[in-house]
Amino acid sequence: PARRRAALAAAPLIAVALTACQPQAATPTRADTPAAVTAADHPMTVESCGTSVTVPEPPGRIVTIKSSATEMVLALGAGDRLVGAAFLDGPVPEHLADAAADLPVMSDQLPSGEAVLEVEPDLVYAGWESNLTAEGAGDRGTLASLGVATFVSPAACKEPAHQPDPMTFDLLFEEITQVGALLGTPEEAADLVAEHRDALAAVDPDPRGLTALWYSSGTDIPYVGAGIGTPQMVMDAVGLTNVAADVHDTWTSYAWENVADADPDVIVLVDAAWNTAESKREMLRENPATANLTAVVEERYLVVPFPATEAGVRTVPATVELASRLADLELPGATTDGSTAQDQP
């Protein structure tokens with residue numbers, strides 16, 4: 001830590017390059033961090049979105065960016081090592097509330113590199129690859145030169161050579177296992193993976209052949225789940241056919257004309273604090289391009305919280321919940337065995 005402070009003081013241009021314009025929240029209050037955790041498999045080197053990352057020992061001071069990264073650390077029992085959390089997408093799930101009671105939130109938005117260095121982390125764990133730039137929380141190479149390791153959620157890698165194609169639950173479980181190894185909590189990771197595998201195995205895909213739009217944001221042009229990302233993975237698991245599955249990307253802009261042509265049976269609404277599911281319902285009712293969609297007229301909606309739309313510890317619970325709500329959704333002319341009313345004797 002002293003070396004990092006000295007490096008920052010001796011190289012003000014680095015700090016300037018790393019500083020972003022976002023407003024910063026109050027200095028985190030969690031000042032005490034535990035003694036370093038030891039693990040037999042450290043030092044450890046991993047590949048993270050094409051960047052080689054070496055962690056000499058399980059990190060004792062961690063900064064997380066985005067809810068997916070923060071909740072992963074909490075779920076793996078390393079929340080007491082968090083010295084900063086930023087750019088959160090909403091409250092943590094109820095089962096992690098106690099672990100997050102004293103969460104040191106350093107910024108409601110993307111923190112500057114200077115703010116990150118001030119809390120002297122050993123590891124910065126980011127939910128998005130774009131979080132780690134000179135204009136954001138810090139360039140990965142510069143952070144590494146100051147002794148700060150970086151790790152990006154593998155599901156968020158954007159380069160074709162490293163992007164999951166498609167995203168799968170096995171890849172999600174690999175991330176949990178890998179992060180558990182990095183943090184020195186492999187047993188907690190193994191337990192979490194086993195729990196999630198069991199929960200996922202109990203999900204029965206809906207047999208009715210229903211189509212769906214996964215609607216995240218946007219009004220004039222919607223931003224929706226495409227064919228190779230987490231939304232597609234979840235829709236496959238619950239038995240929904242994605243109307244945007246032919247777009248080879250994780251997320252995509254998708255014209256309302258295409259949605260109208262597809263006329264999906266169900267619309268999955270992403271619920272975010274800045275763009276609520278209820279606001280989307282209202283927009284869909286009032287927009288002439290969508291008002292006559294069958295799912296809008298009959299209010300066939302399923303709601304998913306924003307943090308669950310990015311691969312992480314919420315993904316499997318959200319899949320289980322979505323499957324349950326879908327099973328309860330009644331559609332005229334469709335039966336639970338996949339046949340239509342006309343097929344019935």
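**Backbone geometry and helix packing in a predicted model**

Pro 43 is located in the loop that connects helix 2 (12-18) with strand 1 (44-48); helices (H or I, at least four residues) and strands (E, at least two) are DSSP runs numbered from the N terminus. The structure is a predicted model, in which local features need pLDDT of at least 70 and side-chain atom pairs count only at pLDDT 80 or more, while totals for chains, interfaces and linings use all residues. Residues are numbered from 1 along each chain as its sequence is written, and side-chain values use heavy atoms, with hydrogens and water left out.

The peptide bond from His 42 to Pro 43 is cis, with omega near 5°. A cis bond also leads from Asp 165 to Pro 166, again with omega near 5°; Pro 166 belongs to the loop between strand 7 (149-152) and helix 6 (169-183). Most peptide bonds are trans, and most residues other than glycine have a negative phi.

Positive phi values occur at two non-glycine positions, Glu 120, with phi near 55°, and Asp 263, with phi near 40°. Glu 120 lies in the loop between helix 4 (113-118) and strand 6 (123-126) and, at 12% relative accessibility, counts as buried. Asp 263 occupies the loop between helix 9 (256-262) and strand 12 (266-271) and is partly exposed, its relative accessible area being 29%. Buried denotes under 20% relative accessible area, exposed over 50%, and partly exposed the range in between (1.4 Å probe, protein chains only).

The axes of helix 7 (residues 186-201) and helix 12 (residues 315-328) come within 9 Å and cross at roughly 20°; axes are lines fitted to C-alpha atoms, for helices over the stretch in contact, with angles from 0 to 180 degrees between N-to-C directions. Helix 7 is therefore roughly parallel to helix 12 (angles under 35 degrees). His 196, Ala 199 and Leu 200 of helix 7 meet Val 316, Pro 317, Thr 319 and Val 320 of helix 12 in this contact (heavy atoms within 4.5 Å). These residues comprise five nonpolar, two polar and no charged, where Ala, Val, Leu, Ile, Met, Phe, Trp, Tyr, Cys and Pro count as nonpolar, Asp, Glu, Lys and Arg as charged, and the others, Gly among them, as polar.

Overall, the secondary structure of the chain consists of 12 helices and 13 strands. Of its 345 residues, 51% count as buried. Among contacts between residues at least 6 apart in sequence, 68% join residues at least 24 apart.

How values were computed:
Parallel < 35°, antiparallel > 145°, perpendicular 65-115°, else oblique.
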